[in-house]
Amino acid sequence: MRKPFFISCMLLLGVFSIQGQDSSASLLSSQPLEATFFVGFDGLANLYYIENNVLFKKNNTQLWQYKNLSLGKISKIDLQNPLKIVLFYEGFNSVILLDNQLNEIQKINFYNENSPIIASAIGIASQNRLWLYDSLSQKIALFDYSNGNLKFITPALKSPPRYYESDFNTFQWIDEKLNWFSCDVYGNSTALGKAPSFDKIQIISNQILLFSKGEHLYFQDFKTNKEVEVENVDKSFGNFMYKDEILSIFTNRQIKNYKIKIP
């Protein structure tokens, strides 16, 4: 007679354990940083940040900077290729390409291109191309910055991107209705799910999101349908970045690096 009751208790305990699961972080290091915005690290562990709308690159021995105040506020920085850094100035519909010492390689003003373009999303793609979301056509395109060729690869989106990330072969975005999509360079689009309500967010993979809500950080795993809070991290963060099991948090004029595994 006790077995059904015992089994029921164990099942309930299992449910509570899953719902209450957390992902604890361990502090690895911290360093002071006078900055308006923490951008992140490249693959060579160089640190990038913005202060007074000037981009800085820093390592243990050197400091570089790039400023172009005539183009207004920097909207997005793509660090995927440290030899060709992409700066997007949405207010002036322009992109600047920089080398690894933050020297200007190329300036692109989309107002001057043959096809009318109003870019509201930019990222580096493969083969001398940029990912681009054009708010006029509401389509995603690939722009070849070596010859100025523009190729739209999707039909018009039903809702514009609220947040986006890209790599050389994939453009991912979360629209204003929190729908999460992915598109490859051939224009093949995939619906990945419904993102949670967030203040800030990072796409970790095509199954996992890291996002903040209030003073809390969470991992959302769409494969297991679990939402796990990140524990033991500073709650007063301004920005964060997760890469290779390292969670970097910019807070109170410093960067804190935590070791953490995705649950």
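Reply: Let us begin with a term: two strands pair if DSSP finds at least two bridges between them, and strands (E, at least two residues), like helices (H or I, at least four), are DSSP runs numbered from the N terminus. Please keep in mind that this is a predicted model, in which local features need pLDDT of at least 70 and side-chain atom pairs count only at pLDDT 80 or more, while totals for chains, interfaces and linings use all residues. Residues are numbered from 1 along each chain as its sequence is written, and side-chain values use heavy atoms, with hydrogens and water left out.

Me: Ok, which residue is the bridge partner of Phe38 in E4?

Reply: The bridge partner of Phe38 is Tyr49 in E4. Strand E3, which covers residues 37-41, pairs with E4 in the antiparallel sense over 4 bridges, and these two strands form a hairpin with 5 residues between them. In that turn, Ala45 has a positive phi of about 70°.

Me: And which strand pairs with E4 over 5 bridges?

Reply: That is strand E5, residues 54-58, which pairs with E4 in the antiparallel sense, and here Leu47 stands opposite Lys58. E4 and E5 also form a hairpin, with 2 residues between them, and Asn52 in the turn has a positive phi of about 55°.

Me: Changing topic: how many salt bridges does a search of the whole structure find?

Reply: The search finds 5 salt bridges, each being a side-chain nitrogen of Lys or Arg within 4 Å of a carboxyl oxygen of Asp or Glu. Side chains of opposite charge can pair when their charged atoms come close.

Me: Which residue does Asp234 form a salt bridge with?

Reply: Asp234 forms a salt bridge with Lys256, with the closest N and O atoms 3.1 Å apart. This pair links distant parts of the chain, since Asp234 is in the loop between strand E22 (226-231) and strand E23 (239-243), whereas Lys256 is in strand E25 (residues 254-259), 22 residues apart. Asp234 is buried, with a relative accessible area of 16%, and Lys256 counts as buried at 17%.

Me: What about Glu245, where is it and which residue does it link to?

Reply: The side chains of Glu245 and Lys259 meet in a salt bridge at 3.0 Å, N to O. Glu245 is in the loop between E23 and strand E24 (246-251), while Lys259 is in strand E25, 14 residues apart.

Me: Is Glu245 buried or partly exposed?

Reply: Glu245 is partly exposed because its relative accessible area is 29%, and Lys259 also counts as partly exposed, at 34%.

Me: Which residues are linked in a network of salt bridges?

Reply: Glu34, Glu51 and Arg253 are linked in such a network.

Me: Last one: what is the order of strands in the open sheet of 4 strands?

Reply: The order is E11-E12-E13-E14, with antiparallel pairing. Strand E11 (119-124) and strand E14 (149-152) are the edge strands, and each pairs on one side only. Looking within the sheet, E11 pairs with strand E12 (residues 129-134) over 5 bridges, and the bridge partner of Ile124 in E12 is Leu130.

Methods. Buried means under 20% relative accessible area, exposed over 50%, partly exposed in between (1.4 Å probe, protein chains only).
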